[in-house]
Structure formats: C-alpha cells, structure tokens
Amino acid sequence: MILDAIVGRSLRDRWRSLVAWQVGLLALVTVQMAVYPTVRDTSTDWEGAVESFPEALREILRLEDYTSPTGYLSTELLSFVVPFIFMTLGATWGARVTAEEEEGGTADITWTLPITRREYLASRWTTGIVVLVMTALVFTSALWIGNLLLDMKISIGHFGNVALMLFLTGLTSFALAGTVGTSTGRRSVGLGVAMV
C-alpha cells in the first residue's frame, strides 16, 4: 500500500515534466511524419544526391535506404535524436531515486516511513520503469498512427522492437544515474555520469 503511494506521489509530483517529455516526442514525430511524403515523392532526386556523397559518409549517415519508410524513420528519428531523449529521460529520473531527498533535506523524514529502504528503492525504481514504458508506448503509438496515415506498410513487429530498444536505452541510463546518485547523494553527479 505504501509502495503504491510512493509510486503515485512520484508520478503526481512530476506529471507536468512527464507530459512535457511526451508532448515533445509527439511533436517531433508529427514533424518528421509530415516531411516524409515529400521525401518519398522526390525519391529519385534524393537517390541522385546520395550518390554524390562519399561511401563512408553514406554509411555513417545511413543514407543508402533513406527514401524507404524504415530507412527514413531510422535515419531521422532512431539513429540519434530519440535514443538521446530516452537516455536523458532515464538519467533525470534515475538521478532522483534517493539523491533528491538527500539534497532537499527530507531524507530523514522519508526514512522514518514504515517501510524498509529496500522497499523504498524498489518503489522509486518502479516509478522510473513506469515512466520509461509509458513514454516508449506514447512514442511508438505515434509512429504507428503515422505509419497507418501515410500507408508506410511497416510491420507492427518493427514498432515493438523500437519500443523495446528505447526502453532499454532509457533503463540503462536510469540505472547508472540511480546508482551513482544514490551512492553519492547528489543528483548532478548521477545525471552527469549517466549522460557522459
């Protein structure tokens, strides 16, 4: 019961931040999906332009398959921008696991709750996992809707893989920031180490 209360309180305290992250991702997907028909309709021009790039640069930027639906989404969203967003989201929530209470001077009050420290940490980790799952689902749902509206014909299995990849990317960052932040008692150190 108390564990549910801690998870609920953490989500309530930061719901504006969580909504902002998700709205930002939705805006990013909307913009990229709106641009795709132009890329698709001018595919011969793109292919000609891509041929003029050196081969190494084409491989680095993943431009060989840029005009296909999966190539476009992979290059524009999934090669750097969105994984970086999930790393940052995971690190910001992870750095708060216990360091937030320690820096705010409320750790003594928190530790007087009738739960063990292990249970408290489990509830804070559960909150981070819930946030990452919700955000991955929002992002991949937006991609799926764009896929249907633009008739991209990408299978749902690809979107499941995307959701899992983004969740694991965020979880890795969350775990690192949470571990360092809890060990040092400082959010900035946890966040800095995870982002580096």
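The model described here is predicted, so local features need a pLDDT of at least 70 and side-chain atom pairs count only at pLDDT 80 or more, while totals for chains, interfaces and linings use all residues. Residues are numbered from 1 along each chain as its sequence is written, and side-chain values use heavy atoms, with hydrogens and water left out.

## Overall form

The protein has 11 helices and zero strands; helices (H or I, at least four residues) and strands (E, at least two) are DSSP runs, numbered from the N terminus. Its pattern along the sequence is therefore written α-α-α-α-α-α-α-α-α-α-α. The C-alpha trace spans about 65 × 35 × 25 Å along its principal axes. Of the 196 residues, 41% count as buried. Among the contacts (heavy atoms within 4.5 Å) with a separation of 6 or more, 75% are between residues 24 or more positions apart.

Tyr72 is one of the buried residues of α5. This helix covers residues 69-78, and because eight of its 10 residues are buried, it is largely enclosed by the rest of the structure. Besides Tyr72, the buried residues of α5 are Pro69, Gly71, Leu73, Ser74, Thr75, Leu77 and Leu78. What covers them includes α2 (15-41), α6 (81-94), α9 (117-149) and α10 (156-184).

## Aromatic pairs

Which rings pair, and how are they placed? Rings of Phe, Tyr and Trp (its six-membered ring) form a pair if their centres lie within 6.5 Å; planes under 30 degrees apart are stacked, over 60 edge-to-face and the rest tilted. The count comes to four aromatic pairs. In one of them, the ring centres of Tyr36 and Tyr72 are 5.0 Å apart and the planes stand at 50 degrees, so this pair is tilted. Tyr36 belongs to helix α2 and Tyr72 to helix α5, so the pair ties together parts that are 36 residues apart in sequence. Tyr36 is buried, with a relative accessible area of 2%. The rings of Phe80 and Phe84 have their centres 5.5 Å apart and their planes at 15 degrees, so they are stacked. Phe80 is exposed, whereas Phe84 is partly exposed.

The following table gives the accessibility of selected residues.

| Residue | Relative accessible area | Class |
|---|---|---|
| Tyr36 | 2% | buried |
| Thr88 | 18% | buried |
| Phe84 | 37% | partly exposed |
| Glu47 | 45% | partly exposed |
| Phe80 | 55% | exposed |
| Lys153 | 67% | exposed |

## Trp93 and the cavity

Arg96 lies over the face of Trp93, at 5.9 Å from the ring centre; the rule asks that NZ of Lys or CZ of Arg be within 6 Å of the ring centre and within 35 degrees of the ring normal. Trp93 is also among the residues that line the largest cavity. A cavity is a set of points on a 1 Å grid over the protein atoms alone where a 1.4 Å probe fits but cannot get out, and lining residues have an atom within 4 Å of a point. The volume is the space filled by probe spheres set on the points, which are joined across faces, edges and corners. There is one cavity of 30 Å³ or more, with a volume of about 30 Å³.

The lining consists of Ser10, Trp93, Val97, Arg124, Thr127 and Gly128. Its largest share, three residues, comes from α9. Two lining residues are nonpolar, three polar and one charged; here Ala, Val, Leu, Ile, Met, Phe, Trp, Tyr, Cys and Pro count as nonpolar, Asp, Glu, Lys and Arg as charged, and the others, Gly among them, as polar.

## Further local features

Thr88 lies in helix α6. Apart from its neighbours within four places in sequence, Thr88 is in contact with Trp21 and Met195. Glu47 is part of helix α3 (residues 43-51). The C-alpha atoms of Glu47 and Glu64 are 8.2 Å apart in space, and the two residues are 17 residues apart in sequence.

Most residues other than glycine have a negative phi. Asp151, not a glycine, has a positive phi of about 50 degrees and is found in the loop between α9 and α10. Lys153 lies in the loop between α9 and α10, and its phi, near 60 degrees, is a positive value in a residue other than glycine.

Note on methods:
Buried < 20%, exposed > 50% of the residue type's maximum accessible area, 1.4 Å probe, protein only. 1 Å grid on protein atoms, 1.4 Å probe; cavity = no way out; pocket = protein on both sides within 12 Å on 5 of 7 lines; lining within 4 Å.
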